[in-house]
Amino acid sequence: MENITRRLLQRVVRRFPSQTLRATLDKWERLSEAQRRSLDLSKTKWALTEKLLSICEENELTIKHITELEMMHVIDNPNQGMWYAFQLLDPKDDAHSVDLTQFKQQFKCHLSQLMRHVSIKIKKHTDEAVWIRIAWGDALSRPDHLKPTYVVYYLQSSHVFMTSLNSKLKPLLSQALVLSTRHRGMKDANLSGRNLTAITDLLMKRYQQVFPTKYPTPLAEKNEIESHPHIEREQAGAAAKRQQMACEAFGGGVLPQLQSAVYKLETRFKDHTNKIMTEREEPFRCVVKFSSVNLLESLRHCASSGIASTPVTPLLSSVPLKGRNSFVITDNGRSPSSQTQQSQK
């Protein structure tokens with residue numbers, strides 16, 4: 001067994017929780033039943049890895065087989081890296097007819113033409129997502145299987161999600177995706193996070209949306225906000241209205257577990273007592289970041305409980321509305337003294 005194969009297997013096994021390793025090896029189907037039974041999962045990860053290495057060497061398994069195991073682990077545990085969302089633009093007339101076989105052939109063909117040494121593995125998941133594992137090389141070296149890029153693409157859609165992608169390789173991957181999906185371009189969707197399911201649900205609107213109504217009524221939620229009974233009676237109407245507005249802005253029911261939103265401010269400094277800052281030509285720059293275990297749930301609670309004012313500011317409601325969590329806020333005014341208006345890019 002080659003050294004790179006041994007190192008990849010060691011890395012993959014160390015990442016696996018011991019309680020799920022046997023089930024994954026059963027699904028892998030590269031070991032016999034007797035070999036799987038011979039693995040003592042109560043031993044240390046080091047001892048377990050050494051035993052598995054000897055079995056794989058006995059079976060003459062190659063890097064191709066080990067990447068299958070790694071890919072199974074990543075698909076089952078996708079929230080271990082930072083994912084970035086992209087949007088395909090301007091589909092051609094035959095974009096809707098591209099099936100899995102066509103996509104696999106076209107993608108491998110285009111990327112292999114752009115990069116001399118590259119290893120590509122494509123697998124369709126049960127939720128219709130196409131998972132792509134790419135190990136990159138260069139003109140002189142073989143693909144580095146220890147630093148792969150993973151791509152998730154939903155067939156006949158405009159949504160692509162990537163992780164562990166070098167910025168120098170991004171143009172090559174983008175071109176291969178655009179050509180194989182029959183589109184004319186691709187752009188950054190300004191949405192990222194460690195929870196792949198959350199950003200996928202947010203971008204593809206896979207959550208309960210609440211639309212404005214002329215006669216709003218209180219929305220039933222699983223976790224109702226507890227409050228003092230006297231306040232409940234006195235402010236029932238106002239509380240119901242706040243809850244309606246909060247759900248219209250962020251959605252109802254269970255929300256995607258987005259963990260952060262970033263606002264980059266490039267605005268004029270507004271303070272007549274500080275002429276040095278106010279009269280400067282360069283805009284005032286800073287970054288504001290909101291973080292939470294579930295940001296949308298936190299924002300909805302703030303609005304429905306009265307901690308934040310309603311109606312909800314577009315700066316916050318744009319996260320679910322536009323499917324983004326990265327914004328640039330600038331001034332439209334031409335001079336420091338002119339009246340300015342905030343705009344989002």
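**Exercise 1. Overall make-up of the chain**

Task: State what share of the contacts in the chain with a separation of 6 or more comes from residues 24 or more positions apart, and how many helices and strands the chain has.

Solution. Step 1: residues 24 or more positions apart account for 69% of the contacts with a separation of 6 or more, a contact being heavy atoms within 4.5 Å. The model is predicted: local features need pLDDT of at least 70 and side-chain atom pairs count only at pLDDT 80 or more, whereas totals for chains, interfaces and linings use all residues. Residues are numbered from 1 along each chain as its sequence is written, and side-chain values use heavy atoms, with hydrogens and water left out.

Step 2: the chain has 13 helices and 10 strands. These are DSSP runs numbered from the N terminus (helices H or I, at least four residues; strands E, at least two).

Step 3: of the 345 residues, 41% are buried. Buried means under 20% relative accessible area, exposed over 50%, and partly exposed in between (1.4 Å probe, protein chains only).

**Exercise 2. Nonpolar cores**

Task: Identify which residues touch the most other members of the largest nonpolar core, and which residues Phe-250 touches.

Solution. Step 1: a nonpolar core is a set of buried Ala, Val, Leu, Ile, Met, Phe, Trp, Tyr and Cys residues joined through side-chain atoms within 4.5 Å.

Step 2: the largest such core holds 34 residues, of which Trp-83, Trp-131, Val-152, Phe-161, Phe-250 and Val-319 touch the most other members. A second, separate core has 24 residues, including Leu-88, Phe-107, Met-162 and Met-186.

Step 3: leaving aside residues up to four places away in sequence, Phe-250 touches Tyr-207, Leu-255, Leu-296, Leu-299, Arg-300, Val-312, Leu-316, Ser-317 and Pro-320.

**Exercise 3. Packing of helix 10 on helix 12**

Task: Classify the packing of helix 10 and helix 12 as roughly parallel or roughly antiparallel, and list the residues that make the contact.

Solution. Step 1: helix 10 (residues 236-250) and helix 12 pack at an angle of about 155°, with axes 7 Å apart. Axes are lines fitted to C-alpha atoms, for helices over the stretch in contact, and angles run from 0 to 180 degrees between N-to-C directions.

Step 2: angles under 35 degrees count as roughly parallel, over 145 as roughly antiparallel, 65 to 115 as roughly perpendicular and the rest as oblique. Helix 10 and helix 12 are therefore roughly antiparallel to each other.

Step 3: Arg-242, Gln-243, Ala-246, Cys-247 and Phe-250 of helix 10 meet Leu-296, Leu-299, Arg-300, Ala-303, Ser-304 and Ser-305 of helix 12. By class, this contact has 6 nonpolar, 3 polar and 2 charged residues; Ala, Val, Leu, Ile, Met, Phe, Trp, Tyr, Cys and Pro count as nonpolar, Asp, Glu, Lys and Arg as charged, and the others, Gly among them, as polar.

**Exercise 4. Backbone exceptions**

Task: Locate the cis peptide bond and describe the setting of Glu-29 and Glu-60.

Solution. Step 1: most residues other than glycine have a negative phi, and most peptide bonds are trans.

Step 2: a cis peptide bond, with omega of about 0°, joins Thr-310 and Pro-311. Pro-311 lies in the loop between helix 12 (295-305) and helix 13 (314-322).

Step 3: Glu-29, although not a glycine, has a positive phi of about 60°. Its loop runs between helix 2 (18-28) and helix 3 (33-37), and Glu-29 is exposed at 64% relative accessible area.

Step 4: Glu-60 also has a positive phi of about 60°. Glu-60 sits in the loop between helix 4 and helix 5 (63-76) and is exposed, at 65% relative accessibility.
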